[in-house]
Amino acid sequence: MKPDFEELVERHSAEIFAYLWRMLRETSDAEDCFQETFLRAFRSYVRVRAGTNYRAWLYKIATNTARSQWRQKKRGDAYTIQLDPDRQADEMSTADRVEQKALLRAVAQAVEHLPQQQRAALIMRKYQELSYAEIATVLECTEAAARAHVYQEVKRLREQLAEVEVTV
(Lines give C-alpha, C1' and ligand atoms only; values in the text may rest on other atoms or scores of the structure.)
Protein backbone atom coordinates (compact mmCIF):
# COMPACT_ATOMS: atom_id res chain seq x y z
CA MET A 1 0.00 0.00 0.00
CA LYS A 2 1.33 3.42 -0.96
CA PRO A 3 1.75 6.03 1.76
CA ASP A 4 0.09 9.41 1.34
CA PHE A 5 2.25 11.84 -0.56
CA GLU A 6 2.12 14.28 2.36
CA GLU A 7 3.57 11.55 4.59
CA LEU A 8 6.52 11.12 2.21
CA VAL A 9 7.13 14.86 2.20
CA GLU A 10 7.03 15.01 5.99
CA ARG A 11 9.29 11.98 6.41
CA HIS A 12 11.98 12.90 3.86
CA SER A 13 11.92 16.67 3.32
CA ALA A 14 14.67 17.58 5.81
CA GLU A 15 17.18 15.08 4.47
CA ILE A 16 16.37 15.91 0.83
CA PHE A 17 16.92 19.61 1.52
CA ALA A 18 20.21 18.88 3.30
CA TYR A 19 21.34 16.77 0.34
CA LEU A 20 20.44 19.49 -2.16
CA TRP A 21 22.26 22.10 -0.11
CA ARG A 22 25.36 19.92 0.05
CA MET A 23 25.20 19.39 -3.71
CA LEU A 24 24.63 23.04 -4.63
CA ARG A 25 26.21 24.91 -1.66
CA GLU A 26 23.77 27.79 -2.00
CA THR A 27 20.61 28.07 0.09
CA SER A 28 18.47 29.77 -2.55
CA ASP A 29 19.43 27.21 -5.21
CA ALA A 30 18.77 24.37 -2.78
CA GLU A 31 15.37 25.84 -1.94
CA ASP A 32 14.48 26.14 -5.64
CA CYS A 33 15.58 22.56 -6.32
CA PHE A 34 13.78 21.34 -3.22
CA GLN A 35 10.49 22.79 -4.45
CA GLU A 36 11.10 21.46 -7.96
CA THR A 37 11.94 18.02 -6.57
CA PHE A 38 8.69 17.68 -4.67
CA LEU A 39 6.69 19.20 -7.52
CA ARG A 40 8.11 16.58 -9.91
CA ALA A 41 7.53 13.88 -7.32
CA PHE A 42 3.93 14.94 -6.82
CA ARG A 43 3.27 14.92 -10.56
CA SER A 44 4.67 11.43 -11.02
CA TYR A 45 3.51 9.87 -7.75
CA VAL A 46 0.44 8.26 -9.34
CA ARG A 47 2.75 6.23 -11.61
CA VAL A 48 4.94 4.92 -8.76
CA ARG A 49 4.24 1.33 -7.81
CA ALA A 50 3.44 0.40 -4.24
CA GLY A 51 6.46 -1.05 -2.47
CA THR A 52 8.94 1.19 -4.28
CA ASN A 53 11.87 2.47 -2.25
CA TYR A 54 10.36 5.95 -1.91
CA ARG A 55 13.43 7.41 -0.27
CA ALA A 56 15.67 6.38 -3.17
CA TRP A 57 13.00 7.56 -5.63
CA LEU A 58 13.02 11.03 -4.04
CA TYR A 59 16.83 11.14 -4.02
CA LYS A 60 16.85 10.28 -7.71
CA ILE A 61 14.49 13.15 -8.49
CA ALA A 62 16.56 15.49 -6.27
CA THR A 63 19.78 14.39 -7.96
CA ASN A 64 18.37 15.02 -11.42
CA THR A 65 17.02 18.40 -10.33
CA ALA A 66 20.39 19.37 -8.84
CA ARG A 67 22.18 18.27 -12.03
CA SER A 68 19.88 20.47 -14.10
CA GLN A 69 20.55 23.40 -11.77
CA TRP A 70 24.29 22.73 -11.84
CA ARG A 71 24.35 22.69 -15.64
CA GLN A 72 22.55 26.03 -15.77
CA LYS A 73 25.24 27.68 -13.72
CA LYS A 74 28.36 28.81 -15.48
CA ARG A 75 31.44 26.98 -14.27
CA GLY A 76 32.93 30.30 -13.32
CA ASP A 77 30.08 30.78 -10.87
CA ALA A 78 30.89 27.54 -9.02
CA TYR A 79 30.22 27.78 -5.34
CA THR A 80 32.79 27.76 -2.62
CA ILE A 81 32.13 26.59 0.89
CA GLN A 82 31.74 29.49 3.24
CA LEU A 83 33.48 28.30 6.37
CA ASP A 84 34.56 30.52 9.20
CA PRO A 85 37.71 29.15 10.79
CA ASP A 86 38.05 32.35 12.84
CA ARG A 87 35.47 31.11 15.33
CA GLN A 88 38.29 29.54 17.33
CA ALA A 89 40.67 32.38 16.57
CA ASP A 90 41.32 33.13 20.22
CA GLU A 91 43.13 29.82 20.62
CA MET A 92 45.12 29.95 17.36
CA SER A 93 48.13 31.91 16.25
CA THR A 94 47.90 34.04 13.13
CA ALA A 95 50.02 31.56 11.20
CA ASP A 96 47.75 28.69 12.27
CA ARG A 97 44.65 30.62 11.15
CA VAL A 98 46.19 31.36 7.76
CA GLU A 99 47.16 27.70 7.35
CA GLN A 100 43.70 26.51 8.38
CA LYS A 101 41.99 28.88 5.93
CA ALA A 102 44.21 27.64 3.11
CA LEU A 103 43.46 24.01 3.96
CA LEU A 104 39.69 24.65 4.13
CA ARG A 105 39.86 26.39 0.75
CA ALA A 106 41.71 23.40 -0.72
CA VAL A 107 39.13 20.95 0.63
CA ALA A 108 36.24 23.03 -0.72
CA GLN A 109 37.84 23.30 -4.15
CA ALA A 110 38.63 19.59 -4.29
CA VAL A 111 35.05 18.59 -3.48
CA GLU A 112 33.59 21.07 -5.96
CA HIS A 113 35.73 19.73 -8.78
CA LEU A 114 34.58 16.14 -8.38
CA PRO A 115 32.56 14.77 -11.31
CA GLN A 116 28.84 15.26 -10.68
CA GLN A 117 27.91 11.56 -10.39
CA GLN A 118 30.76 10.74 -8.02
CA ARG A 119 30.12 13.88 -5.98
CA ALA A 120 26.47 12.86 -5.60
CA ALA A 121 27.48 9.34 -4.54
CA LEU A 122 29.97 10.66 -2.01
CA ILE A 123 27.47 13.09 -0.46
CA MET A 124 24.71 10.48 -0.33
CA ARG A 125 26.99 8.01 1.43
CA LYS A 126 29.08 10.17 3.75
CA TYR A 127 26.58 12.89 4.66
CA GLN A 128 23.13 11.48 3.97
CA GLU A 129 24.07 7.94 5.09
CA LEU A 130 22.26 6.18 2.24
CA SER A 131 23.07 2.53 1.66
CA TYR A 132 24.99 1.53 -1.45
CA ALA A 133 21.82 -0.15 -2.72
CA GLU A 134 19.94 3.15 -2.42
CA ILE A 135 22.76 5.05 -4.10
CA ALA A 136 22.76 2.52 -6.93
CA THR A 137 19.02 3.02 -7.39
CA VAL A 138 19.37 6.80 -7.43
CA LEU A 139 22.31 6.84 -9.86
CA GLU A 140 20.96 3.96 -11.97
CA CYS A 141 24.06 1.86 -11.58
CA THR A 142 25.00 -1.37 -9.84
CA GLU A 143 25.70 -1.51 -6.14
CA ALA A 144 29.33 -2.33 -6.97
CA ALA A 145 29.53 0.78 -9.16
CA ALA A 146 28.08 2.89 -6.34
CA ARG A 147 30.75 1.53 -3.98
CA ALA A 148 33.42 2.24 -6.59
CA HIS A 149 32.21 5.83 -7.06
CA VAL A 150 32.46 6.54 -3.34
CA TYR A 151 35.78 4.72 -2.93
CA GLN A 152 37.39 6.44 -5.92
CA GLU A 153 36.29 9.89 -4.82
CA VAL A 154 37.47 9.43 -1.24
CA LYS A 155 40.78 8.17 -2.61
CA ARG A 156 41.01 11.11 -5.04
CA LEU A 157 40.25 13.62 -2.30
CA ARG A 158 42.88 12.11 -0.03
CA GLU A 159 45.47 12.25 -2.82
CA GLN A 160 44.63 15.84 -3.69
CA LEU A 161 44.73 16.94 -0.09
CA ALA A 162 47.99 15.10 0.56
CA GLU A 163 49.53 17.18 -2.24
CA VAL A 164 48.35 20.44 -0.72
CA GLU A 165 51.26 22.31 0.72
CA VAL A 166 50.16 25.19 2.80
CA THR A 167 52.66 27.99 2.81
CA VAL A 168 52.49 30.94 5.10
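This is a predicted model: local features need pLDDT of at least 70, side-chain atom pairs count only at pLDDT 80 or more; totals for chains, interfaces and linings use all residues.
Of the contacts in this chain with a separation of 6 or more, 67% are between residues 24 or more positions apart. The chain contains seven helices and zero strands, and along the sequence the pattern reads α-α-α-α-α-α-α. Of its 168 residues, 39% are buried.

The mean pLDDT of the chain is 81, and 84% of the residues reach 70 or more. Among the elements, helix α2 has the highest mean pLDDT, at 94, whereas helix α4, residues 94-112, has the lowest, at 73. Over residues 78-87 the pLDDT is below 50, and this stretch has 19 contacts in the model beyond near neighbours in sequence.

I come next to the interior. In soluble globular proteins, nonpolar side chains tend to be buried together. Here, the largest nonpolar core comprises 39 residues, and Tyr19, Trp57, Met124 and Ile135 have the most contacts inside it. Two or more residues come from each of α1 (5-24), α2 (27-44), α3 (54-72), α5 (116-126), α6 (132-139) and α7 (143-163). Helix α3 gives the most, with nine residues.

Gln118 is placed in helix α5. With a relative accessible area of 18%, Gln118 falls under the 20% limit and therefore counts as buried. Beyond residues up to four places away in sequence, Gln118 touches His149 and Glu153.

Let us now consider the aromatic rings. The structure holds seven aromatic pairs. One of them joins Phe34 and Phe38 in an edge-to-face arrangement, at 5.0 Å centre to centre and with 65 degrees between the planes. What separates these two residues along helix α2? Phe34 and Phe38 are four residues apart, which means a separation of about one helical turn. Phe38 itself is buried, at a relative accessible area of 9%.

The pair of Tyr45 and Trp57 is tilted, because the ring centres are 6.0 Å apart and the planes stand at 45 degrees. Tyr45 lies in the loop between α2 and α3, while Trp57 belongs to helix α3, so this pair ties together parts that are twelve residues apart in sequence. Tyr45 is buried, with a relative accessible area of 10%, and Trp57 is likewise buried, at 14%. Both residues belong to a cluster in which ring pairs link Phe5, Phe42, Tyr45, Tyr54 and Trp57.

Finally, the cysteines. A disulfide is a covalent bond between the sulfur atoms of two cysteines. How many disulfides does a search of the whole structure find? The search finds zero. Is Cys33 buried or exposed? Cys33 counts as buried, because its relative accessibility is 2%. Cys141, by contrast, has a relative accessible area of 21% and is partly exposed.

Conventions. Residues are numbered from 1 along each chain as its sequence is written. Side-chain values use heavy atoms; hydrogens and water are left out. A nonpolar core is a set of buried Ala, Val, Leu, Ile, Met, Phe, Trp, Tyr and Cys residues joined through side-chain atoms within 4.5 Å. Buried means under 20% relative accessible area, exposed over 50%, partly exposed in between (1.4 Å probe, protein chains only). A disulfide is a pair of cysteine sulfur atoms within 2.5 Å. Contact means heavy atoms within 4.5 Å. pLDDT is the predictor's confidence in each residue, from 0 to 100. Rings of Phe, Tyr and Trp (its six-membered ring) pair if their centres lie within 6.5 Å; planes under 30 degrees apart count as stacked, over 60 as edge-to-face and the rest as tilted.
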